[in-house]
Amino acid sequence: MSRAPSTQSRHLLEVKDLRTHFFTRNGVAKAVDGVSFSLDRGQTLGLVGESGSGKTVTLMSIVRLIPKPAGRIVSGEVLLEGRDLLKLSDRDMREVRGAEISVVTQDPMTSLNPLYTIGNQMEEPLRYHQHIRSHSELRSHVLDALKKVGIPVPERRMKSYPHQLSGGQRQRIVTAMAIECQPSLLIADEPTTALDVTVQIQILRLLREVQKEMNLGMIVVTHDLAVVARVCDVVAVMYAGRIVEKAPIVEMFEKPSHPYTQALMKAVEGERDATGRLYTIEGQPPDVRRLSPGCPFAPRCPKVMDICRGEYPPVASLSSQHTVSCWAAMKENGIEHIGLAPGVAS
Ligand SMILES: Nc1ncnc2c1ncn2[C@@H]1O[C@H](COP(=O)(O)OP(=O)(O)O)[C@@H](O)[C@H]1O
Ligand SMILES: [Mg+2]
């Protein structure tokens, strides 16, 4: 018998067996295919994996901004404080976005309007989401948010236009906009424009400070494990639309168990190519429109066994918070094939 929701230890966010597919002329792209994880307040989860592994589609599914009609969330649950966002009306979902969940861009110029003062554009979400009308109240909320992100003389900054600010200040403004409506969850996808890793880490650290102070949950998406190492508590490694390994940051770095995670680790250890970009793994990620039944990493895997080509590995627990989906890792850790379904929540 299931217990009443109020007596359960409830996570801020719980994603259960999420599947988001794109129905294209060239076949069905299973961009996200059985993703499960949970996130608590005060916690930062890093989603890592090569380009095309389904990180952005996972985030966009949570906020239900999947491009239609090709993209569709075909199954799963996205529980925010126990409420399934996939069941909300479009109107209710618009309220959730921006108010309860903030999507933070790491490219400040794309989210600031050059024609309006900082004060004007910061008041807009407060009017829309919090229905605040009084000028003095709007002003005090804006000032409060600006103070939280460490903007000096915020009264003066409210009257500035974006071009009058330095890059660092603009990023603080964008962060202030992300938190002004008091969301419970912050989502930061990696910048699409080339952004120095050091700058990216600075931006994420600022977000993390604010997130810790306000006790929010945060999801950070990046292809770079070095970035997660600096800002996350828990890491989930994605490959071909699924989470293949998940662990608290220290445990992940001490005992990476999936051969794909182990390969990503080499990047963190500093191997770089001629252009200075971090080491990349040989071979290509699979085309998610043509996945075979086995483990999609098998063709690139140094530890591949026969079973890997035939059957997708189940989610195995290596410790209370460390899971992996890999036949070789199971064998190395003496775990029997106990028939857990892939994508089972942990
Ligand atoms: N608009 C789209 N139309 C069709 N397929 C898409 C679309 N967006 C994403 N996909 C598919 O989903 C996969 C995962 O994309 P994405 O989540 O953006 O990867 P990343 O991990 O780099 O963020 C892509 O490789 C592609 O096959
Ligand atoms: Mg992406």
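**Ligand surroundings and strand order in a predicted model**

At least two residues of the shell around ligand 1 are supplied by each of three elements, namely strand S1 (13–24), strand S2 (27–39) and helix H1 (55–62). Helices and strands are here DSSP runs numbered from the N terminus, a helix being a run of H or I with at least four residues and a strand a run of E with at least two. The model is a predicted one, in which local features need pLDDT of at least 70 and side-chain atom pairs count only at pLDDT 80 or more, whereas totals for chains, interfaces and linings use all residues. Residues are numbered from 1 along each chain as its sequence is written, while chains are lettered from A and ligands numbered from 1 in the order in which they are written.

In total, 16 residues surround ligand 1, and the closest are Ala 31, Gly 52, Lys 55, Thr 56 and Val 57; a residue is taken as near the ligand if its C-beta atom, placed from the backbone, lies within 6 Å of it. H1 provides the largest share of this shell, with 3 residues. By residue type, the shell divides into 7 nonpolar, 8 polar and 1 charged, where Ala, Val, Leu, Ile, Met, Phe, Trp, Tyr, Cys and Pro count as nonpolar, Asp, Glu, Lys and Arg as charged, and the others, Gly among them, as polar.

The chain contains 13 helices and 12 strands. Of its 346 residues, 39% count as buried, a residue being buried if 20 or more other C-beta atoms lie within 10 Å of its own, exposed if 12 or fewer do, and partly exposed in between, with C-beta atoms placed from the backbone. Among contacts between residues at least 6 apart in sequence, 66% join residues that are at least 24 apart; two residues are in contact if their C-beta atoms, placed from the backbone, lie within 7 Å. The average pLDDT of the chain, which is the predictor's confidence in each residue on a scale from 0 to 100, is 89, and 89% of the residues score at least 70. Over residues 1–7, however, the pLDDT is below 50, and this stretch has 3 contacts in the model beyond near neighbours in sequence. Where pLDDT is low, the predicted coordinates should not be read in detail.

Two of the strands that contribute to the ligand shell, S1 and S2, also belong to an open sheet of 4 strands, in the order S2-S1-S4-S5 and with antiparallel pairing. S2 and strand S5 (83–84) stand at the edges with a single partner strand each, so one side of each is left without a neighbour in the sheet. Two strands are regarded as paired if DSSP finds at least two bridges between them, and S1 and S2 pair in the antiparallel sense over 9 bridges, with Val 35 in S2 as the bridge partner of Leu 18. Asp 17, which is placed in strand S1, has a phi near 45°, a positive value in a residue other than glycine. Asp 17 counts as partly exposed because it has 16 C-beta neighbours inside 10 Å.

A further open sheet is built from 8 strands in the order S6-S7-S8-S3-S9-S10-S12-S11, with mixed pairing. Its edge strands, each of which pairs on one side only, are strand S6 (101–104) and strand S11 (316–319). Strand S9 (residues 234–239) and S10 run antiparallel and are joined by 6 bridges, with Val 235 standing opposite Ala 247 in S10. The hairpin of S9 and S10 has 2 residues between the strands, and within this hairpin Ala 240 takes a positive phi near 50°. Strand S10 (residues 242–248) is mostly covered, since 6 of its 7 residues are buried. S10 and S12 pair in the antiparallel sense over 2 bridges, and the bridge partner of Lys 246 in S12 is Thr 323.

Thr 261 has its place in helix H11 (residues 259–268) and counts as buried because 25 C-beta neighbours lie inside 10 Å. Apart from its neighbours within four places in sequence, Thr 261 is in contact with Val 237, Glu 245 and Pro 256.
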